Amino acid sequence: MANVVVIGAQWGDEGKGKITDLLSRSADVVVRYQGGVNAGHTVVVQDQTFKLHLIPSGILYPNTECIIGSGTVIDPKVLLGEVDQLHELGVSTDHLYISETAHVTMPYHRLIDKAAEERRGSHRLGTTGRGIGPTYADKSERTGIRIVDLMSPDSLRRQLEWTINYKNAILEKLYDLPPLDAEEVIQEYLGYAERLRPHVIDSSLQIADAVQKRRNVLFEGAQGTLLDLDHGTYPYVTSSNPVAGGACIGAGVGPTIIDRVIGVAKAYTTRVGEGPFPTELHGDLGQLLGDRGAEFGTTTGRPRRCGWFDAVIGRYAVRINGLDCLAITKLDVLDELDEINVCVAYDMNGKRVNDFPTSAHIFAQCQPIYKTLPGWQQSTAHCRSLNDLPSQALDYLKFLAELMEVPIAIVSLGASRDQTIIVEDPIHGPKRALLYANGEGESWEQSIAGN
């Protein structure tokens with residue numbers, strides 16, 4: 001039995017959807033614990049591509065329970081659209097469950113999100129405009145609507161009549177937008193409630209029952225470590241906690257049940273939206289990575305900013321999340337390069353900086369210090385074991401593992417399930433990952449030799 005958290009070790013978009021889908025083979029329950037429709041996970045199975053925003057990636061396994069936890073914010077229209085899309089593709093949602101204490105994204109949240117971002121002008125944050133921040137803001141202000149409120153028409157009407165009147169004042173007076181019709185909104189969401197009702201549960205209780213029965217539970221985060229509200233590149237962050245600790249709060253479990261934490265990172269780095277990005281590449285090279293990696297946001301379609309692998313934020317992610325091992329994705333995107341840079345530290349006004357600075361102002365001044373490694377200039381798309389990799393590609397992975405001081409358990413070489421190298425089973429394998437981080441036990445090189 002193992003309870004495992006999967007997190008993004010960069011700015012999101014690292015390929016967590018594919019990794020979660022792979023690990024779901026061994027999971028009985030998959031729990032999405034934070035974020036909303038601002039997240040996008042793409043999973044490719046044979047010739048079908050699934051783009052998921054709220055539903056956990058484990059939904060593609062027919063016997064796996066998928067739970068949307070209380071730490072998420074749910075747009076019912078989008079969620080039901082995903083359900084319908086899955087049904088059209090022949091995927092059952094009989095085992096999809098929704099926390100009754102998750103908060104609901106309402107029409108006024110989306111309107112305020114877009115209007116506020118536009119009003120910021122040059123100070124914009126790069127939000128998706130999907131209403132995520134305003135939904136979490138209402139949650140903190142204790143004026144939010146929860147799934148359990150949708151289940152009670154009287155409760156929903158009582159809350160929304162006051163709330164929409166209040167939000168209309170903001171829409172009209174602050175943003176010069178037309179008001180919402182309260183009755184139309186109420187009827188719309190009561191319609192969503194009837195379709196959602198069969199899926200609504202006390203999620204914390206159901207997860208606790210699974211843990212007690214020694215079933216495998218996989219906790220799936222959205223976005224990435226550097227977008228964490230408390231520990232990311234604030235203010236250019238999301239409105240929740242994608243880090244591993246967020247799994248406990250968002251799922252309603254204690255930290256003592258977590259057995260392992262797996263971090264997902266690209267073999268390079270990308271970022272969507274605004275904010276500092278020390279290793280960002282401009283011009284032809286950045287365009288090459290973007291084209292080869294199909295770097296467009298699953299949710300927004302916006303092109304992602306591309307840059308070299310940044311080991312400073314990588315080590316920070318290891319520390320903040322307590323990572324046991326890594327999954328490195330999109331190694332194949334680097335196949336054509338003759339040289340590959342890795343950021344090993346920053347230069348900040350002549351001073352070497354080895355650790356991630358918490359100040360966005362200081363972070364914006366940091367310049368990368370690079371170590372240059374030779375490329376392999378041959379395709380890795382066909383590789384299915386470490387022995388299949390070109391020696392330079394293997395050296396590159398070893399270098400990343402040494403810099404991050406955590407072993408690599410999975411290497412992804414494309415979007416499909418079969419384009420993957422499993423170095424060691426990150427769920428049922430030996431606790432080598434934990435030992436290596438402490439300088440004990442086998443090294444990553446020995447781990448490779450053992451395979």
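Strand 2 and strand 5 (residues 65–68) run parallel and are joined by four bridges; two strands count as paired if DSSP finds at least two bridges between them. Helices (H or I, at least four residues) and strands (E, at least two) are DSSP runs, numbered from the N terminus. The model is predicted, so local features need pLDDT of at least 70 and side-chain atom pairs count only at pLDDT 80 or more, while totals for chains, interfaces and linings use all residues. Residues are numbered from 1 along each chain as its sequence is written, and side-chain values use heavy atoms, without hydrogens and water.

Within strand 5, Ile-67 is the bridge partner of Val-31. Strand 2 is also joined to strand 10 by four bridges, again in parallel, and there Val-217 is the bridge partner of Val-29. Strand 2 (residues 29–32) is covered on both faces, with Val-29 and Val-31 buried on one side and Val-30 and Arg-32 buried on the other. Buried means under 20% relative accessible area, exposed over 50%, and partly exposed in between (1.4 Å probe, protein chains only).

The loop between strand 10 (217–220) and helix 9 (245–251) contains Thr-233. Thr-233 has a relative accessible area of 4% and is therefore buried. Beyond four places in sequence, the contacts of Thr-233 are Trp-11, Leu-226, Arg-271, Phe-356 and Phe-363, where contact means heavy atoms within 4.5 Å.

Confidence is given by pLDDT, the predictor's confidence in each residue, from 0 to 100. The chain averages 89, and 93% of the residues score at least 70.
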